Amino acid sequence: MAAHLLGASPMSTTTPPDSPANNAEAPPSTSDIDARLAGLDVSNAGSARRHFFARLADTASVLEIGPLANPSVRGPHVKYFDVMPTDELRKKAVSHDLDPNNCPEIHYYSREADLSIVPDRFEAVVSSHSIEHQPDLVGHLNKVAALLDVGGCYWIAAPDKRYCLDHFKRLSGIVDVLDAHVRGARVHSAATLISHSALSTHNDTARHWKGDHGEPAYNADVNRLLHGINALLFSDGAYVDSHAWQFTPETFQEIVELLSAIGYSVFKPVKIYPTAHNSNEFYAVLQKVREKPLNPLADLPPNFDPVLYLEANPDVARAGVNPIAHYRSFGAREGRRLRPD
């Protein structure tokens, strides 16, 4: 039976007359992507992933983010981005008991996972179980969008929190996503790291579908509440990996639609598929509908933090000037520091 497509009916929203959504240019046609997805059935957990990414086989150019030793898409039309070069990726694969020969050649890498170093544009960008790791989801979406022409698509496989180790973590919402973006999050918050350490459970998908969710890790070891705190305290500001976002297909669609409605993202969902029975992931296709986001923070550096900017520039703080307005009007051209030394 063909899968029901959650993306087929956009949710109803009330938009103020002066909202960015009412001032956006007309969206590109979805006829090409609709034709590419026509007849796609991802209702079988055993074949869903293969069928989903197979629809990219004849795409002119694809960038895949974070392939490790299991690329979702292969072929001469595909390039790969990671946080480490090919030789290091193969060593990592060995350390995870994976076949290093399955690691593709990495064309671009950034230790900070900075997609802005990629000089090319693509017809499609792909990520599998990557989006939930991004400290700033809005920033990530905007960097992906910069690699696409208008009409290009972001193809995503993401975990459904109900059927994986994230089961006991609370669902992420639009407020969480906007908060991380306004803060200019580059690393995970204390709440994220504590949640990941203390609330994670088993990762056996079949058990979750049977209703056996185990229990949060801190029930068995109360010190798991401290592990996340210690990870942050001893990180010295460096990135500590964690799941930052917990989605279901429905909540992911809502977040993407709301970000588009307020102008914080140039993506709109084309199709978001429900999670197949006995699977722990869902699939989404987002289309770039305009060239740049309309949000008021889009022109700020990705690591801009208003509080840290004031700490780095006490004269601005003493003057009681809005840090965002000051940076735009004076700070950028004066070469002001974004953060204290």
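Which residues does S197 touch, not counting residues up to four places away in sequence? Keep that in mind as we start. One caution: this is a predicted model.

The answer is A217, R224, H227 and G228. S197 itself sits in helix α7. Is S197 buried or exposed? Its relative accessibility is 10%, and the cut-off for buried is under 20%, so S197 counts as buried. For a sense of distance, take V316, which lies 119 residues from S197 along the chain. The C-alpha atoms of S197 and V316 are separated by 39 Å.

Now the helix around S197. The buried residues of α7 are T192, L193, S195, S197 and A198. What do they pack against? They pack against α9, residues 217-220, and against α10.

Let's look at α10. Helix α7 covers residues 190-199, and helix α10 covers 224-233. Their axes are 7 Å apart, and the packing angle is about 140°. That angle makes α7 oblique to α10. The crossing of the two helices is right-handed.

Who makes the contact? From α7 come A190, L193, I194, S197 and A198. From α10 come R224, L225, H227, G228, I229 and L232. How do these contact residues divide by type? There are 7 nonpolar, 3 polar and 1 charged.

An α-helix has 3.6 residues a turn, so residues three or four places apart point the same way.

Next, the aromatics. How many aromatic pairs does a search of the whole structure find? It finds 12. I'll show two of them.

Start with Y154 and F267. Their ring centres are 6.1 Å apart and their planes meet at 35°, so this pair is tilted. The pair links distant parts of the chain. Y154 is in strand β5, residues 148-159, while F267 is in strand β6, residues 267-272. The two are 113 residues apart. Y154 is at 0% relative accessibility, so Y154 counts as buried. F267 is buried as well, with a relative accessible area of 0%.

Then F247 and F252. Here the ring centres are 5.0 Å apart and the planes are at 70°, so the pair is edge-to-face. F247 and F252 are both buried.

Last, a group. Which residues form one aromatic cluster? They are F52, F53, W155, Y273 and Y283.

To close, back to the start. S197 is in helix α7, and S197 touches R224, H227 and G228, among others.

Technical notes: Residues are numbered from 1 along each chain as its sequence is written. This is a predicted model: local features need pLDDT of at least 70, side-chain atom pairs count only at pLDDT 80 or more; totals for chains, interfaces and linings use all residues. Side-chain values use heavy atoms; hydrogens and water are left out. Axes are lines fitted to C-alpha atoms, for helices over the stretch in contact, and angles run from 0 to 180 degrees between N-to-C directions. Helices (H or I, at least four residues) and strands (E, at least two) are DSSP runs, numbered from the N terminus. Angles under 35 degrees count as roughly parallel, over 145 as roughly antiparallel, 65 to 115 as roughly perpendicular and the rest as oblique. A crossing is left-handed if the near helix is turned anticlockwise from the far one by less than a right angle, and right-handed if clockwise. Contact means heavy atoms within 4.5 Å. Ala, Val, Leu, Ile, Met, Phe, Trp, Tyr, Cys and Pro count as nonpolar, Asp, Glu, Lys and Arg as charged, and the others, Gly among them, as polar. Rings of Phe, Tyr and Trp (its six-membered ring) pair if their centres lie within 6.5 Å; planes under 30 degrees apart count as stacked, over 60 as edge-to-face and the rest as tilted. Buried means under 20% relative accessible area, exposed over 50%, partly exposed in between (1.4 Å probe, protein chains only).
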